[in-house]
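Open the structure in your viewer and keep the selection tool at hand.

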Amino acid sequence: MDSTSTDCFDTSRFEASRTRLASLAYRLLGSAADAEDVVQDAFLHWQAADRQRIKAPEAWLTKVVTNLCLDRLRSAQARRERTVGAWLPEPLLDGDPMLGPADTFEQRESVSLAVLTLMERLTPLERAVYVLREAFSYGHAEIAGILDITGSASQQHLHRARHRVTAARRRGGEVDPASARRIVEEFLAAAASGRTERLVALLTDDATAISDGAGLTETLLQFDTPQRIAAIARAGFKPTTAKRRFAGGTMTAHYALVNGAPALLFVVGDQVVGSVTFDITGGRIATVRGIAAPTRLTRLTEAWRQHESDTPIIAQW
């Protein structure tokens with residue numbers, strides 16, 4: 001095999017792993033854009049390596065991507081951005097290959113916005129062990145080899161990570177799709193019509209809401225009582241000329257699944273300008289996350305343009 005054929009063969013071996021590597025990087029970083037950058041960096045490492053000596057390409061690439069992600073998580077810039085509270089995971093439309101694997105409940109949960117947010121409480125090593133074990137089912141011996149730690153240390157990191165995530169999250173199990181859609185549509189109808197009492201009734205007693213302020217604020221906006229959330233929702237979901245002008249036109253409101261959770265997408269033309277996701281437990285809404293910063297909606301918009309959407313809940317908002 002000549003050098004050109006060898007390069008093509010080696011490139012195809014990398015491409016066969018690209019989707020899995022991107023999914024791994026997204027879970028570790030919570031950003032599709034950063035995940036794509038890391039995978040491209042891994043490809044450059046792959047090209048520069050003596051590939052004839054790499055006996056297990058998948059394991060080698062997994063180690064490279066994991067450690068590139070750890071470097072980013074440990075960087076001063078990343079710590080600074082995440083410490084000030086200006087960070088939310090980048091939302092992805094269901095069906096995006098970056099959300100895989102999704103065969104088990106644990107795999108689907110590991111890519112939910114709730115768990116991606118909670119993983120910010122973990123150290124980079126804890127986060128890596130948690131993702132490799134929970135989402136990709138690596139054994140502790142394999143994880144030890146990837147992270148250059150002992151198997152015992154891997155087990156300890158996983159124990160601490162599971163404890164921190166479990167202690168903070170609200171486990172409601174997977175919600176019936178029809179019920180989830182009904183609850184979200186009721187929330188939108190109540191917010192748009194200003195029925196505050198109905199909004200409060202749809203929320204759990206300890207509900208929280210988080211918004212990135214459409215990227216206009218340096219820190220996240222957070223609200224922690226049903227009454228405050230209802231008031232903000234009533235103001236935020238009421239259509240006005242100013243909001244249409246800010247969004248770039250008249251919006252349509254669609255129901256969708258984002259990172260496995262029920263969501264509302266606000267769309268102008270073929271551009272997603274806002275994503276509101278809901279965590280539902282016990283038939284009520286426990287968490288509302290509003291993301292409207294354009295930089296966080298790039299990949300979601302690309303997926304939406306290829307998505308066959310159903311009839312919008314609101315055709316002209």
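**Stop 1**

Select L147. Leaving aside residues up to four places away in sequence, L147 touches T66, L70, L125, A128, V129 and L132. Contact here means heavy atoms within 4.5 Å.

Before going on, note that this is a predicted model: local features need pLDDT of at least 70, side-chain atom pairs count only at pLDDT 80 or more, and totals for chains, interfaces and linings use all residues. Residues are numbered from 1 along each chain as its sequence is written, and side-chain values use heavy atoms, with hydrogens and water left out.

Buried means under 20% relative accessible area, exposed over 50%, and partly exposed in between (1.4 Å probe, protein chains only).

**Stop 1: a pocket**

Show S211, A214, G236, V276 and A292. Of the 36 residues that line the second largest pocket, these lie nearest its centre. The pocket search uses a 1 Å grid over the protein atoms alone; a pocket is an open set of points where a 1.4 Å probe fits, with protein on both sides within 12 Å along at least five of seven lines, and lining residues have an atom within 4 Å of a point.

About 960 Å³ of space lies in this pocket. That volume is the space filled by probe spheres set on the points, with grid points joined across faces, edges and corners. Among the elements giving two or more lining residues are β1 (203-211), α12 (226-237) and β5 (271-281).

**Stop 2: salt bridges**

The whole structure holds 21 salt bridges. The test is a side-chain nitrogen of Lys or Arg within 4 Å of a carboxyl oxygen of Asp or Glu.

- Select R160 and E126. Their side chains meet at 3.1 Å, N to O. R160 is in α9 and E126 in α7, 34 residues apart. Is each one buried or exposed? R160 is partly exposed at 33%, while E126 is buried at 2%.
- Select D310 and R181. This salt bridge spans 3.0 Å, N to O. D310 follows α14 (298-305), R181 sits in α10 (residues 177-193), and 129 residues separate them.
- Select D279 and R289. Their N to O distance is 2.9 Å. D279 lies in β5 and R289 in β6, so the pair ties together parts 10 residues apart in sequence.
- Select D10, R13 and R51. A network of salt bridges links them.

**Stop 4**

Zoom to G100 and P101. The peptide bond between them is cis, with omega near -5°. P101 is in the loop between α4 (76-83) and α5 (105-110).

Move to S137, in the loop between α7 and α8. S137 is not a glycine, yet has a positive phi of about 60°. S137 is exposed, at 52% relative accessibility.

Finish at N259, in the loop between β3 (252-258) and β4 (261-268). Phi of N259 is also positive, near 50°. N259 is buried, at 3% relative accessibility.

Terms used: Helix = DSSP H or I, 4+ residues; strand = E, 2+ residues; numbered from the N terminus.
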